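Here is a friendly walk through some helix packing and backbone details. Have the structure open beside you as you read.

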Amino acid sequence: MASWGEASQSRLIGKRITRLSGKEKVTGKAKYTYDINRPGMLYGRILRSEVPHATVTEIDLTDAQEMPGVRAVMPLIEAGRKIRYQGQEIAAVAAETDDIAKDALRAIYVELEELPFVATEADAMAEGAPQVHDDWNGNQSNPSRGGQGDVEAGFAEAAVTVEATYHTPVQTHVCLETHGHVVEWTDEQNLTVWASTQAVFGVRNDLARRLELPANQVHVITEHMGGGFGSKFSPGVEGLTAARLSRMTERPVKLMLTRKAEHLVAGNRPSMTQHVKAGATRDGRLIAYDMRGHGTGGTGGGAGFTGPYVYHVPNIRTERTNVAVNAGSQRAMRAPGHPQGAFAMDSLMDELAEKLGMNPLEFRRLNDESEVRQAQYTLGAQEIGWHRRNSVAGSGTGIKKRGMGVGSGQWGGGGGANTQARVNINADGTVEAITGTQDLGTGIRTAIAIIVAEEFGLTTEDIIVKIGDSAPGLPAGGSGGSQTTPSVAPVIKTAAANAKQKLFEHVAPLLQAPVDDLRIGTGTIYVASDRTKTVTWQQATGLLGQETISEGGEWDRELRQGGVAGTQFAEVEVDTQTGHVKILKIVAVQDCGLAINRLTTESQINGGVIMGIGQTLLEERIMDPMTGRMLNANLEDYKVPGTHEIPEIKPIVFDTHRKVSGVGEPPCIPTLGAIANAVYNAIGVRIRELPITPDKVLNALAEKA
Amino acid sequence: MSDKDKKQDTNISRRSFIKGVGTGTVAATVAPAILVSDEKTAEAQTDQAISKAEIQLNINDTLYEIEVEARTTLLTVLRDGTDTGGNNVDLTGAKLICDRGECGGCTVLVDGKAVYACMMLAMDAQGKQITTVEGIANGDNLHPIQEAFIKHDAMMCGFCTPGFIVSSVALLNENRKPTLTEIKEGLSGNTCRCGTYPFIFDAVETASEKM
């Protein structure tokens, strides 16, 4: 049975290995899609609607077409069609410079007949509200219902109940490299596409279908990409538009979204509002959970969220709806549905524990069936110093009050059989690992090198990792769902093992030993039963002559495992005069399975926590109910965490077994509840609506007083 | 009753217009008549509408002759500029991320100080020494900040990394031994979305010990 071997035997796996692309990234030489400059390249731009709901009555491209430097103008919507959200595409241009493209957009004449709109969930749900979709009955989807047991009977057994409403707003992805492509047709039937994407092969297949070309005639390259977080799986309107502009002009075209468009149309995490009633028995067992909730994913659906979450409840009744508003559509965002659901559940858990007079950590222990998390609770509590927590919320003295909280999360991340890879050993000793996956910054490039280098007794610098390119024809799945490493790693591992076996077959006659008696040393191959018999890596590969060993691999399920648990503890300090919440420390204990690279795994945990901090304290898409426009579609008013918001973060890589799991998403989940509960513990007033901004803190304190 | 309710009650279908400034003579609206270096150019401008000027920029100790418009930013020159010999400047390390001087992705050194290249007009950079992230290392020898960023994994997707590298160099040029608070203050003009901050702080501390 395949295995990753004992930790004590690993030279590289599980150690802290610096990333392969580090030098390129710190010197500015790493080329992202946005950095691709092709000879004769034009700059594409898209004109977007500023109004949220309208019928297009006229589009006149003449003035734009006649401008010097403009090479192509094309409509993206026909007169008579409807605009349903701010940012919807109207027309596109390609010009000699980006500034000329910008000018050309201003010269496009568009006439719109504005229609009544709904900008917020409350507006959309009001009686007689304007409809986002003509063929819907109102703006709310049919409810999806779920449950188990008997909720009424459960409440009859409850000693305490809590009824509360929790809300999280729409959050946007804020990829620093906006969505975009550089497209170049090599002839009428073949094109090369540099794409900022999480799915090299997804973009290839999607573009090929839309352009009615065989898939192998679309060549997609993603050497480096500047963040996706779930929003970059499809080429989108902008990718197809770039391809068409390039086709029209017979010139390469670069088309990157503007920062504003990135906020408006490139995806977001849906909002959540849930009214929940839950009960617990006197001895601290959750007994009933009754929840009605909704969220908005913009014009479409997709506003799901978890609940109940993590903790075991025998009697459950849930009802969820999607509310359509005139705003850009949601896309998957880092652990879709989980952070918002976890915020509500962890807040609810603390509210119940307080009514029971129990320590919230003890209450969790009684209701959490995960053995992994039980161990994490102990570790995290020690690390944060849980005994220092206020036993009575808000009982601290002084203007600045401190508090502690805990939150939990779970995720899948077990990977899938979607990756093909090859590991090549060349006669000159060089090694290539090739697959069609892509590195979003998670470090898969380095993880691949670690696995191959470990197998061959080499260093990561010895391995040439070729990823982010569809040309070798080795498909891999999109990087979503924390699936990349558990999908790719087992295939690379078995491919390397197969290649090693082939090399051993060449070496065995020279060393006069059977193949299964050969072992890999550090840069050597030796005979296990007679260690004096040895060859260097170079000598061994030199035996290949004109041959190259090139082996594929299998997705061996035994090498990966899904279902990771995590818990986080937060300590905060709330200024009761300004309402400012300062996070002092977050301890993140994250089940990672086998961490191939401890260093980049810690980076991912830090990153998840920091995105969670943003969602808890800062981030919110603000819609203007008067105009239907997003008021903060920039990086000044849409606040993401900066240096001053970063507390001491203690990432604890909780690797309890030797199977690979994905960890991109799970660390962003428990943060929200941990911080919200810590704020309550500090000031004794609960804020059930994110983000926890100073105005909400001051209002809450004023109501309490 | 809010204004919006009134609007909906009266059911007015307003006609709205998205229209470029200056109908017909669009080009004229994009060329403010400034920045002309000689009369010939001034005359040309009235015909061509877009006024251009040739300037010299010292970037990473190389002198570039570049034709720019008044509105051309330093960042545009670095990334998309072409010198008068037709060669691309192609210094794409500095990134345009927020497009409004908020995120620091385009940070470069101008006479040793950190500057947002998206907020500086190319013409204003004449006569100054511009250093981009590509000019921070000494040939193949990385700057201690760059070494430390690699060692501490102070990057994930890496898109913000060039800006952080340059801001960190500027910070250490002014303050060789910054405290954690001073590091946070010194880098507060840069934004990372992947959340690499803790390791960036570690990297700057390490580099400051080595410099």
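In this predicted model, helix α6 (residues 161–174) of chain B and helix α8 (residues 197–210) of chain B pack with their axes 11 Å apart, at an angle of about 40 degrees.

**Helix pair in chain B**

- The crossing of α6(B) and α8(B) is right-handed.
- On the α6(B) side, the contact uses B:F164, B:S168, B:L171 and B:L172.
- Facing them from α8(B) are B:Y197, B:I200, B:V204, B:A207 and B:S208.
- Sorted by class, this contact between α6(B) and α8(B) has 7 nonpolar residues, 2 polar ones and no charged ones.

**Helices α12 and α13 of chain A**

- The axes of helix α12 (residues 444–456) of chain A and helix α13 (residues 484–511) of chain A cross at roughly 30 degrees and come within 9 Å.
- Because angles under 35 degrees count as roughly parallel, α12(A) and α13(A) get that description.
- Their crossing is right-handed, as α12(A) passes α13(A).
- From α12(A), the residues in contact are A:I444, A:I448, A:I451, A:V452, A:E455 and A:F456.
- Their partners in α13(A) include A:T484, A:T485, A:V488, A:A489, A:I492 and A:K493, and also A:A496, A:A497, A:A499 and A:K500.
- By class, the contact of α12(A) with α13(A) holds 11 nonpolar, 2 polar and 3 charged residues.

**A closer look at α13 of chain A**

- How far apart are the end C-alpha atoms of α13(A)? They are 39 Å apart, which agrees with the 40 Å that its 28 residues should span at 1.5 Å a residue.
- Along the way, α13(A) bends by about 30 degrees at A:E505.
- A proline, A:P509, follows that bend within four residues.
- Just after α13(A), A:Q512 has a positive phi of about 50 degrees.

**Helices α10 and α11 of chain A**

- Helix α10 (residues 360–367) of chain A packs with helix α11 (residues 371–384) of chain A at an angle of about 165 degrees, and their axes are 10 Å apart.
- That angle makes α10(A) roughly antiparallel to α11(A), because values over 145 degrees count as such.
- Is the crossing of α10(A) past α11(A) left-handed or right-handed? The crossing is left-handed.
- A:L361, A:R364 and A:R365 in α10(A) meet A:Q374, A:Y377, A:T378 and A:A381 in α11(A).
- This contact of α10(A) with α11(A) has 3 nonpolar, 2 polar and 2 charged residues by class.

**Backbone details in loops of chain A**

- A:G307 and A:P308 are joined by a cis peptide bond, with omega about 0 degrees.
- You will find A:P308 in the loop between β16 (286–295) and β17 (315–322) of chain A.
- Another cis peptide bond joins A:L690 and A:P691, where omega is about -5 degrees.
- A:P691 sits in the loop between α16 (671–683) and α17 (694–704) of chain A.
- A:F229 is a residue other than glycine with a positive phi, near 60 degrees.
- The loop that holds A:F229 runs between β12 (218–221) and α7 (236–249) of chain A.

Conventions:
Residues numbered from 1 in each chain as written. Chains lettered and ligands numbered in written order. Predicted model: local features only at pLDDT ≥ 70, side-chain atom pairs only at ≥ 80, totals over all residues. Heavy atoms only, no water. Axes fitted to C-alpha atoms, helices over the stretch in contact; angles between N-to-C directions. Helix = DSSP H or I, 4+ residues; strand = E, 2+ residues; numbered from the N terminus. Parallel < 35°, antiparallel > 145°, perpendicular 65-115°, else oblique. Left-handed = near helix turned anticlockwise from the far one by under 90°. Contact = heavy atoms within 4.5 Å. Nonpolar A, V, L, I, M, F, W, Y, C, P; charged D, E, K, R; others polar. Expected span 1.5 Å × (residues − 1). Bend = angle between axes of the 7 residues up to and from the residue.
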